[in-house]
Amino acid sequence: MALNLVVVESPAKAKTLNKYLGKDFAILASYGHVRDLVPKEGAVDPTNDFAMRYQIIEKNARHVDAICAALKGAATLYLATDPDREGEAISWHLYELLQQRGALKGKEVHRVAFYEITKTAVQGAVANPRELSMALVHAQQARRALDFLVGFNLSPLLWKKVRRGLSAGRVQSPALRMIVERELEIEAFNAEEYWSIEADVAAKQKAFVARLVEYNNEKLKQFSITNAAQANEIEQTLTAYAQGKLVVDKINKTQRKRNPTAPFTTSTLQQEAVRKLGFTAQRAMRVAQQLYEGIDIGDGAVGLITYMRTDSVNLADEAIKDIREFIAERYGKENLPDEERKYKTKSKNAQEAHEAIRPTMVRVLPNDIKNQLSADQFKLYNLIWKRTIACQMIHATIDQVAVEFACGPGNRLRANGSTIAIPGFIQVYQEGVDDSSLEDDDEKLLPPLKVGDVVDLAKIRSEQHFTEPPPRYSEASLVKSLEEYGIGRPSTYAAIISTLQHREYAILENKRFKPTDVGRIVTKFLTSYFNQYVDYGFTAKLEDSLDSVAAGESEWLPVLKDFWGPFIGLVHNIEETVQRKDVTQEELNEDCPECGSKLSIWLGKRGRFIGCTGYPDCKYTRNLNNDGESAAEAEIVAGRKCPTCESDLVVKAGKYGKFIGCSGYPKCKFIESLDKPVDTGVECPECKKGHLMKRKTRYGTFFYACNVYPDCKYAVKYPPIAESCPKCNWPILTLSTTKRRGTEKACPQKTCDFTEPYETAEQE
């Protein structure tokens, strides 16, 4: 029996640690949280100093039993859960449970934190343990209590005032507000017309574009040319002046420097994984967890990156030294700055003792271990490795040139271009952008020209443009905004986004968030009656208070008391004074064509619609955004005909939502789903030709089927993942979720019973 017992959160981490700690150490996993609040009223008691009632999480009870049994023969317990608030809370809960069972009598108990899982870091942490940090535990308890109290009191109110089954969260509600307010901005936006005048020119066998920047001695602004007549007149005038040629009148050459970006924090890693790899934030964190916990790359499992939940951009001095030596060897000393680069964390509550996310061993090149990693692991490790190397390289030097052409008196056209003089860090890595408004022309290469040169003019043309509304949030831009406003913490962003989608408050449309009708109503209710609690500043201030508790600078109970009193008073007031129709109905300045009563916008099972306020005496309804005349007309699907009878196809609304049907109904009963199948990217394990597509049934549920149907009829009920079954080697696994067992990886083959607990972002 081992003398020392080490408890970590996941079995993957346990497997990696076994090779570093030797035979005197036994390593077991808690499989995440072991205890949580009882899921009923009274779990947090505000009248008794916010006393919290806990119960063991059923699916992890057997793991607690295993830890108790292993402790009988051990002299020392090392609590080695993740080095953050959640990890500290898991260790504390486990300590409390073991103490209640009398399993810690005569045992030494230590807390150790692994910021990277390498031999040196693990052995160093075990040799220098500490005590449990009650400041971190109290910060997590306060956060959990607040989330419980908000959810347990706001959600029932939403059931009464809006619709059953809804929920509101302390952090998810401000995030939803962001999405809804952006949608309202887009809807209220009025596009404005403007024109640009461009010239297609060529010199020395290279074509490029010049744009009119000055006309009649006046510098052009965005709205200098606002209609086609004005644009055509200028186009004809310039064409007459040019006569097929333009003369170089002026050349401006400048040089600018572009510095590398800081190494990854949790937030910036999620953003880049979304932009560059097409991951979701949740997927990025799941893969990062795997890289941190350890991968077998030939000589046993080893952690490939440092801890992935961090808001610090610091790098350890030893790591910087290794990186600089590697850059000098691989890219040459000319790509190494004279002094090491230091970055400052923007977040005022960042834990500077932590490190940024970096490779644990900079000389483990991504391509060298590609065969030992899954596709996702390789992509993310490659991203982290490149960003880390680039952050310690020299800046990029970019030569920019602006060539101006005269075209008649007082008229100037300009062509912009740039070349990379010294690539510096760009040869390794460039940061992605969300919604670039930069002109591509600035990045084009121009031919060498000098003042007085004559270039050939192919054509002067006018181009019509319209101003565009702000774009909807992508996952990357939403994460960035959440961080900028201080809403939540980076480790919670993936769970926030997942919750908004799971609750169907927002959907992803072309990888952009669009609020649903229910999401709009919930936001309207919260901003109308609980505006303070979904205010961005208030939410950020509360996060600051929790960070202050975690730092040991303030107590946790006053934070809860300051929040609870005003909040519960408002809940009781709203419950008594606000009626359901105040929330779900929006009266219109329009009379019902059938009875003369006022019309209003209602929230129904299938979304918002227009109905009569005289209901149930008058049952007049029509679709939202249709006028009375067109209400009875179905929307025709452009460019398509019914494959059965050649009639028009139309969009219809039925019991299960909108669908496409034949206008010849009831003679022709052709229908098809309006929801397009979504490619999961997972190869069909049966035919190995197609991909598994997410499809919707008529009952609103989903299944996953091969896209070469009917040639291949393979389908599974649960979301597939591209991991082979370790027991029967079937090429895929599925993620099944049940109330009793939670989310598990499972083999879809009926003859195989493989299952394995799966940590979701919410559990993390």
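Mentor: Gladly, and one definition comes before the tour: helix axes are lines fitted to C-alpha atoms over the stretch in contact, and angles run from 0 to 180 degrees between N-to-C directions. This is a predicted model, where local features need pLDDT of at least 70, side-chain atom pairs count only at pLDDT 80 or more, and totals for chains, interfaces and linings use all residues. Residues are numbered from 1 along each chain as its sequence is written, and side-chain values use heavy atoms, with hydrogens and water left out.

Trainee: How many helices and strands are there in the protein chain?
Mentor: Helices (H or I, at least four residues) and strands (E, at least two) are DSSP runs, numbered from the N terminus. By that rule, the protein chain has 17 helices and 35 strands.

Trainee: Are helix α5 and helix α15 roughly parallel or roughly antiparallel?
Mentor: Helix α5 (residues 134–161) and helix α15 (residues 536–550) pack with their axes 7 Å apart, at an angle of about 150°. Angles under 35 degrees count as roughly parallel, over 145 as roughly antiparallel, 65 to 115 as roughly perpendicular and the rest as oblique. Therefore α5 and α15 are roughly antiparallel.

Trainee: Which residues of α15 make the contact with α5?
Mentor: Contact means heavy atoms within 4.5 Å. On the α5 side, the residues include Ala135, Leu136 and His138. From α15 come Leu542, Glu543, Leu546, Val549 and Ala550.

Trainee: What do the end C-alpha atoms of helix α10 say about its span?
Mentor: The expected span of a helix is 1.5 Å times one less than its number of residues. The 15 residues of α10 (residues 317–331) should therefore span 21 Å. The distance between its end C-alpha atoms agrees, at 21 Å.

Trainee: Why do the buried residues of α10 line one face of the helix?
Mentor: Buried means under 20% relative accessible area, exposed over 50%, and partly exposed in between (1.4 Å probe, protein chains only). The buried residues of α10 are Ala319, Ile320, Ile323, Arg324, Phe326, Ile327 and Tyr331. Seen down the axis of α10, they line one face because the directions from the axis to their C-beta atoms fall within an arc of 165°.

Trainee: Which helix do the buried residues of α10 pack against?
Mentor: The face turned away from the buried side carries the exposed residues Asp317, Glu318, Lys321 and Glu329. The buried residues of α10 pack against α11 (375–390).

Trainee: Is Ser481 buried or exposed?
Mentor: Ser481 lies in helix α12 (residues 475–485). Not counting residues up to four places away in sequence, Ser481 touches Met178 and Tyr473. Its relative accessible area is 11%, so Ser481 is buried.
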